[in-house]
Amino acid sequence: MAVAGCSTDPAAATAFERTLMATSTTAPGAARRREPGAGAPASDRSRRPRRPRRSLLPYLLLAPAVVLELAIHVIPMVVGVWMSLLELTQFHIRNWSTAPFVGFENYRATLDFNSAAGRELLHSFWVTLVYTLLSVGFAWLLGMAGAVVLQRPFRGRAILRALFLTPYALPVYTAVITWSFLLQRDTGLVNHVLVDQLGLLSEKPFWLIGDNSFWSLLVVSVWRNWPFAFLCLMAGLQNVPGELYEAAAIDGAGFWRRLRSVTLPMLRPVNLVLVLVLFLWTFNDFNTPFVLFGGSAPEQADLISIHIYRSSFKTWDFGSGSAMSVALLLFLLVVSAGYLLITNRRRDHA
């Protein structure tokens with residue numbers, strides 16, 4: 001007797017079992033138990049995240065900067081190092097291939113402080129070092145004073161900011177040539193005011209020769225550099241929260257106490273970069289003394305940049321001039337690395 005709903009025929013039973021097996025394989029649970037990607041439709045495979053391809057756009061955007069850097073800095077630097085190893089004088093400047101290779105002989109000659117050339121280079125180095133330290137110090141002090149004074153809003157603050165930034169906005173040749181006219185002995189405005197109008201001096205001094213040449217160069221350098229310090233410090237003060245000054249004032253701190261305990265600590269990151277940049281700029285400064293003294297600075301203001309220029313283009317000894325330039329580059333690299341190392345250690349300990 002047959003069970004209701006089922007057939008006793010073997011062929012029919014086999015077909016019934018096949019139907020049950022086919023139904024079980026299409027159940028939702030069975031679909032979830034499949035291996036990933038096994039039998040998945042093409043639309044599911046297309047939705048899978050693909051490995052991102054490397055785009056050439058960043059490299060194309062960086063290519064012009066890399067080419068200019070190589071053409072302006074790297075290649076001339078390599079050529080300068082090669083020139084320092086040659087006896088490149090006026091007899092070989094037309095054809096470098098004929099210049100004899102002398103190795104480090106140019107370095108020995110220029111760095112021999114017992115010789116006349118070595119003593120002159122050492123004198124220029126000390127003059128440049130003192131000039132740089134004084135210029136950076138005064139520029140930072142003036143910039144700090146101007147930034148603090150103009151920190152709070154008052155009427156006419158925008159006009160004062162524009163006036164303070166004028167020396168930095170002027171072209172270097174225009175500014176320095178103007179100073180060279182002002183410092184002339186007989187027709188300069190400085191002597192006219194000090195001697196003729198105010199009567200502070202009995203006779204008109206020479207400002208561009210002798211001992212006064214160093215101080216004239218220093219004044220012009222500070223006048224040109226302090227607006228940059230003012231701009232950087234003023235931007236740094238904008239990020240100092242006003243609540244710190246209010247809390248310090250409530251605690252009874254005066255102006256100098258707030259400056260020492262709030263302003264200077266908050267400006268420490270700005271000052272670390274600013275002092276290093278001003279030092280490198282001033283130590284390498286060539287335009288200011290060259291324009292002010294006409295390419296032949298007096299001994300009291302013989303900066304190392306002018307000394308290298310005179311050794312290279314006045315005496316036509318490009319090998320020695322290149323050796324001095326490479327030595328100056330190494331000195332500035334050592335100073336920069338030492339400065340960054342010391343400041344980073346202090347910041348880590350703080």
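This is a predicted model: local features need pLDDT of at least 70, side-chain atom pairs count only at pLDDT 80 or more; totals for chains, interfaces and linings use all residues.
## Overall make-up

The chain has 350 residues, and 32% of them count as buried. Its secondary structure comprises 17 helices and 0 strands. Among contacts between residues at least 6 apart in sequence, 64% join residues at least 24 apart.

## The largest pocket

Rolling a probe the size of a water molecule over the atoms shows where empty space is left. The largest pocket holds about 570 Å³ of space. Its lining counts 17 residues. Nearest the centre lie Pro 76, Met 77, Gly 80, Ser 325 and Leu 329.

Three helices each supply at least two residues of this lining: H4 (57–83), H16 (304–314) and H17 (318–349). Sorted by class, the lining of the largest pocket has 11 nonpolar and 6 polar residues. Charged residues are absent from it.

## The second largest pocket

The second largest pocket holds about 280 Å³. Two helices give two or more residues to its lining: H12 (242–250) and H13 (255–266). H13 gives the most, with 4 residues.

The lining includes Val 148, Gln 151 and Arg 152. Val 240, Pro 241, Gly 242, Tyr 245 and Glu 246 also belong to it. Phe 255, Arg 258, Leu 259 and Thr 263 complete the set. By class, the lining of the second largest pocket splits into 6 nonpolar, 3 polar and 3 charged residues.

## Helix H4

H4 is one of the helices that line the largest pocket. It has 27 residues. From its first C-alpha to its last it reaches 38 Å, close to the 39 Å expected at 1.5 Å a residue. Yet H4 has a kink of about 45°, centred on Leu 70.

Which residue has a positive phi although it is not a glycine? Trp 316 does, with a phi of about 60°. Most residues other than glycine have a negative phi. Trp 316 is found in the loop between H16 and H17.

Is Trp 316 buried, exposed or partly exposed? Its relative accessible area is 39%, so Trp 316 is partly exposed.

Helix H14 spans residues 268–283 and has 16 residues. At 1.5 Å a residue it should span 22 Å. Its end C-alpha atoms are 22 Å apart, so the span agrees with expectation. Buried positions in H14 are Asn 271, Leu 272, Leu 274, Leu 276, Leu 278, Phe 279, Thr 282 and Phe 283.

Val 136 lies in helix H6 (residues 116–149). Its relative accessibility is 9%, under the 20% cut-off, so Val 136 counts as buried. Which residues does Val 136 touch, not counting those up to four places away in sequence? They are Val 275, Leu 278, Phe 279 and Thr 282. Of these, Leu 278, Phe 279 and Thr 282 are buried in H14. Val 136 and Phe 279 sit 143 residues apart along the chain, but their C-alpha atoms are separated by 6.3 Å.

Methods: Residues are numbered from 1 along each chain as its sequence is written. Side-chain values use heavy atoms; hydrogens and water are left out. On a 1 Å grid over the protein atoms alone, a cavity is a set of points where a 1.4 Å probe fits but cannot get out, and a pocket is an open set with protein on both sides within 12 Å along at least five of seven lines; lining residues have an atom within 4 Å of a point. Grid points are joined across faces, edges and corners, and a volume is the space filled by probe spheres set on the points. Ala, Val, Leu, Ile, Met, Phe, Trp, Tyr, Cys and Pro count as nonpolar, Asp, Glu, Lys and Arg as charged, and the others, Gly among them, as polar. The expected span of a helix is 1.5 Å times one less than its number of residues. The bend at a residue is the angle between axes fitted to the seven residues ending there and the seven starting there. Buried means under 20% relative accessible area, exposed over 50%, partly exposed in between (1.4 Å probe, protein chains only). Contact means heavy atoms within 4.5 Å.
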